[in-house]
Amino acid sequence: MTTPRRIDVQLGDRSYPVHIGPGVRHLLPGIVAGTGAARAVVVSARPPQEVPDPGVPHLLVPAQDGEHRKTLATVEELCRAFAGHGLTRGDVVVSCGGGTTTDTVGLAAALYHRGVAVIHLPTTLLAQVDAAVGGKTAVNLPEAKNKVGAYWQPRAVLCDTDHLRTLPPVEWANGYGEIARCHFIGAGDLSGLPVHEQIAASVALKASVVAADERDGGLRHILNYGHTLGHALERATDFALRHGEGVAIGTVFAGRLAGALGRIGPERVAEHLATVRGYGLRERLPAGVRTAELIALMRQDKKAVSGSGLAFVLDGPRGVELVPDVPEPVVARVLDATEREPG
């Protein structure tokens, strides 16, 4: 029998627990009671019977996971639902779904009444290992991914591994892309561990980074390993390529780019490809994506420090760090040398 784990994100008076294991969703009523809330709104992308009762009068708002619903229009819909239910600043919002749902609900909670308590019940591997933890909330604009957001830490995160039993293969790959990139930012090799231990290790790593750098002042940039190209691939494919799949391809690319810049040697470059392959993930660029388009999209990445510069989180002699002003010709050369999937 798997024993649930608790990992605390240490942020002073904004600290909170992340519970990991089978059945932890049933901790929800006690956590809601601890907030003092008189009522709740539960926003769920799961069937109603899979959503635990928060223990106070509540409104259940159906949601849809997916990047196309991760918009300011959805945030407005949610805030209006909160208002219609009479939610006050002392009440609570509960999200139940994948990473796009926890992101969107988190932002709505951050904005409503200038901040109302939120509890996340992530139901996908991606959301459990990364998206629901750390307090980053954001939605997309047509121009770029995650461009509008706020830092809003939850009161608790309940990573119930029972929810993973019905995940389709594409969602397992989505989550394992984030776990694979953890190999290079401090978690080490997680490939042989049971899934609940992989989740716990990923969460523990992220919790330590967030505790040291809540608002992306420096260290937290390492969590974006593989994400610059990953986000560009998502947008170039109109999100047909899932986030974690893009991060996996981006992780292989990050290794090759670091090698091309002389930051790491051939063995470490090869380790990137071997790690991604070890999880059975996609490693090639999707058919039809053009190098010029990807570079244009990567220029819009939120880590860029100038209007036209390219910035990447890369491995190197001092470890993983944000590298600004990477020469575009080098980036283009590495992309051009990367294999494409058959069209």
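I began with Cys159, which is buried (under 20% relative accessible area, where exposed means over 50% and partly exposed lies in between, with a 1.4 Å probe and protein chains only), and whose relative accessible area is 0%. I noted that this is a predicted model, in which local features need pLDDT of at least 70, side-chain atom pairs count only at pLDDT 80 or more, and totals for chains, interfaces and linings use all residues. Residues are numbered from 1 along each chain as its sequence is written, and side-chain values use heavy atoms, with hydrogens and water left out.

Next I looked for disulfides, each being a pair of cysteine sulfur atoms within 2.5 Å, and the count came to zero. The sulfur of Cys159 has its closest cysteine sulfur in Cys96, 12 Å away, which is too far for a bond. For Cys182, buried at 2% relative accessibility, the closest cysteine sulfur is that of Cys159, at 13 Å, again too far for a bond.

I then turned to cavities, each a set of points on a 1 Å grid over the protein atoms alone where a 1.4 Å probe fits but cannot get out. I found four of 30 Å³ or more, a volume being the space filled by probe spheres set on the points, which are joined across faces, edges and corners.

The largest cavity has a volume of about 110 Å³. Its lining (residues with an atom within 4 Å of a point) holds twelve residues, of which Lys145, His231, Leu297, Gln300 and Asp301 lie nearest the centre. Among the DSSP runs, numbered from the N terminus (helices H or I, at least four residues; strands E, at least two), β8 (144-151), α7 (227-236) and α10 (291-299) each supply at least two lining residues, and α7 gives the most, with four.

Technical notes. 1 Å grid on protein atoms, 1.4 Å probe; cavity = no way out; pocket = protein on both sides within 12 Å on 5 of 7 lines; lining within 4 Å.
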